[in-house]
Amino acid sequence: MAAPAPALKDLPKVASDLKSQLEGFNTDKLKNADTQEKVVLPSAEDLASEKTHQNIFTGIATFDPSKLKHTETQEKNPLPDKDAIEQEKEKMNFISGIENFDSSKLKHAETCEKNPLPTKEVIEAEKKL
């Protein structure tokens with residue numbers, strides 16, 4: 001169903017000078033213009049690439065899976081050799097030794113400063129030289 005046409009009073013108002021210009025407009029005053037449509041044709045390379053794509057897609061679409069041969073997959077999971085296992089054990093023992101270290105077994109040690117700063121007299125003597 002089409003909506004009913006709006007009443008004349010509901011239509012938008014047009015200014016009288018614009019209305020008179022629109023009513024008095026003469027289409028003979030328009031200039032003639034030729035429209036040029038530019039159609040760019042694809043190059044030979046574009047056509048060749050599109051044809052190869054089409055051939056690939058048709059090959060995929062028409063592929064017959066009954067031509068495939070059945071194969072058995074062999075899963076290979078090589079186990080590490082003895083040397084690698086021993087290295088990993090040593091590393092794990094080293095890490096667990098660090099993580100489980102008991103700091104209460106440490107003895108208290110006094111630090112002895114072996115590189116003391118020079119006294120004021122030594123600095124004064126060096127400045128004079």
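Reader: How is the model to be read?

Author: This is a predicted model, in which local features need pLDDT of at least 70 and side-chain atom pairs count only at pLDDT 80 or more, while totals for chains, interfaces and linings use all residues. Residues are numbered from 1 along each chain as its sequence is written, and side-chain values use heavy atoms, with hydrogens and water left out.

Reader: Where is confidence lowest, and where is it highest?

Author: The score pLDDT is the predictor's confidence in each residue, from 0 to 100. The protein averages 86, and 98% of the residues score at least 70. Confidence is lowest in H1, at a mean of 83, and highest in helix H2 (residues 44–61), at 93.

Reader: How many helices and strands are there in the protein?

Author: Helices (H or I, at least four residues) and strands (E, at least two) are DSSP runs, numbered from the N terminus. The protein has four helices and zero strands, in the pattern α-α-α-α along the sequence.

Reader: What does H3 reach from its first C-alpha to its last, and why does it lie largely in the open?

Author: The expected span of a helix is 1.5 Å times one less than its number of residues. Helix H3 (residues 82–99), with 18 residues, reaches 26 Å, close to the 26 Å expected. For burial, the classes are buried (under 20% relative accessible area), exposed (over 50%) and partly exposed in between, with a 1.4 Å probe and protein chains only. Zero of the 18 residues of H3 are buried, so this helix lies largely in the open. Across the protein, buried residues make up 0% of the 129 residues.

Reader: Which carbon and sulfur share does the accessible surface of the protein have?

Author: Accessible areas come from the Shrake-Rupley method with a 1.4 Å probe, and for residues only the protein chains shown count as cover. The accessible surface comes to about 14500 Å², of which 57% belongs to carbon and sulfur atoms.

Reader: How far apart are the C-alpha atoms of Pro4 and Lys69?

Author: Pro4 lies in the segment before H1 and, at 73% relative accessibility, counts as exposed. The C-alpha atoms of Pro4 and Lys69, 65 residues apart along the chain, are separated by 71 Å. Ala33, in the loop between H1 and H2, is exposed at 62% relative accessibility, and its C-alpha atom is separated by 34 Å from that of Asp46, 13 residues apart along the chain.
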